[in-house]
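Please keep the structure open as you go through them.

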Amino acid sequence: MDLIEFKTHKYLAFQSQGNAAQFAIPFAQHLCKGKGVDVGCNRAEWSFSGSIPIDPAINEYDALNFPESLQDLDYVFSSHCLEHLHNWVCVLDYWTSKLRSGGILFLYLPDYSQEYWRPWNNRKHVNILTPEILKDYMIDNGYKHVFASGVDLNNSFMIVGEKI
């Protein structure tokens, strides 16, 4: 088994190899159907199948700049992206504005349990979010049926909600 070590902890090596979405996609396939985007996928081959990739590494779009034609989306899928963005509230407000009523917001994020992903250890991350914080945001900003997972073997969690 390939491991990496950070400080006094050992983690599974795949956590440092990118494409974290692969662990969330099997769940997202049950909820994210229709017209949607994958924000922050980094590579087209890593994007959620059938989605429109939104990432400056792939095209001219980013988390706060979708193509004008993308309105009334059925879903927004994003894996390991929000922790890189300075104003995650503004970003989620923007994504929410792009979803139709009944649309799905599906987020997969690093968990605090993985020390290397904390912003003071990994300067690519500017914040660390928790399921509780995101659930409160979603409920306060027009989502129902908000569900959060526990921590998985990728030291990450999923949270999903349906826009009212």
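The points below cover the aromatic rings, the nonpolar cores and the cysteines.

1. Before anything else, please keep in mind that this is a predicted model. Every value below is computed from it.

2. Let's start with the rings. Searching the whole structure turns up 8 aromatic pairs. One of them joins Phe14 and Phe23, whose centres are 5.1 Å apart with 40° between the planes, a tilted arrangement. Phe14 is partly exposed at 28% relative accessible area, and Phe23 is also partly exposed, at 29%.

3. Have a look next at Phe48 and Tyr75. Their ring centres lie 5.5 Å apart and their planes meet at 75°, so this pair is edge-to-face. Phe48 sits in the loop between strand 3 (36-39) and strand 4 (52-54), while Tyr75 belongs to strand 5 (residues 73-79), so the pair ties together parts that are 27 residues apart in sequence. How accessible is Phe48, buried or exposed? Phe48 is buried, with a relative accessible area of 3%, and Tyr75 is buried too, at 1%. Ring pairs also link Phe48 and Tyr75 with Phe77 and Phe106 into a cluster.

4. A charged side chain meets a ring as well: Arg118 lies over the face of Tyr112, at 3.8 Å from the ring centre.

5. The largest nonpolar core holds 27 residues, and Leu82, Trp95 and Leu134 have the most contacts inside it. Several elements give two or more residues to this core, including strand 3, strand 5, strand 6 (99-110) and helix 3 (131-140). Which element gives the most? That is helix 2, with 5 residues.

6. Setting aside neighbours within four places in sequence, Trp95 is in contact with Val39, Ala63, Phe66, Val76, Ser78, Leu82, Leu105 and Leu107.

7. Last, the cysteines. How many disulfides does the model have? The count is 0. For Cys32, which is in no disulfide, the nearest cysteine sulfur is that of Cys41, 13 Å away; Cys32 is buried at 5% relative accessibility. Cys41 is in no disulfide either, and the nearest cysteine sulfur to Cys41, that of Cys81, is 9.1 Å away. Cys41 counts as buried, at 7% relative accessibility.

Note on methods
Residues are numbered from 1 along each chain as its sequence is written. This is a predicted model: local features need pLDDT of at least 70, side-chain atom pairs count only at pLDDT 80 or more; totals for chains, interfaces and linings use all residues. Side-chain values use heavy atoms; hydrogens and water are left out. Rings of Phe, Tyr and Trp (its six-membered ring) pair if their centres lie within 6.5 Å; planes under 30 degrees apart count as stacked, over 60 as edge-to-face and the rest as tilted. Buried means under 20% relative accessible area, exposed over 50%, partly exposed in between (1.4 Å probe, protein chains only). Helices (H or I, at least four residues) and strands (E, at least two) are DSSP runs, numbered from the N terminus. A charge sits over a ring if NZ of Lys or CZ of Arg is within 6 Å of the ring centre and within 35 degrees of the ring normal. A nonpolar core is a set of buried Ala, Val, Leu, Ile, Met, Phe, Trp, Tyr and Cys residues joined through side-chain atoms within 4.5 Å. Contact means heavy atoms within 4.5 Å. A disulfide is a pair of cysteine sulfur atoms within 2.5 Å.
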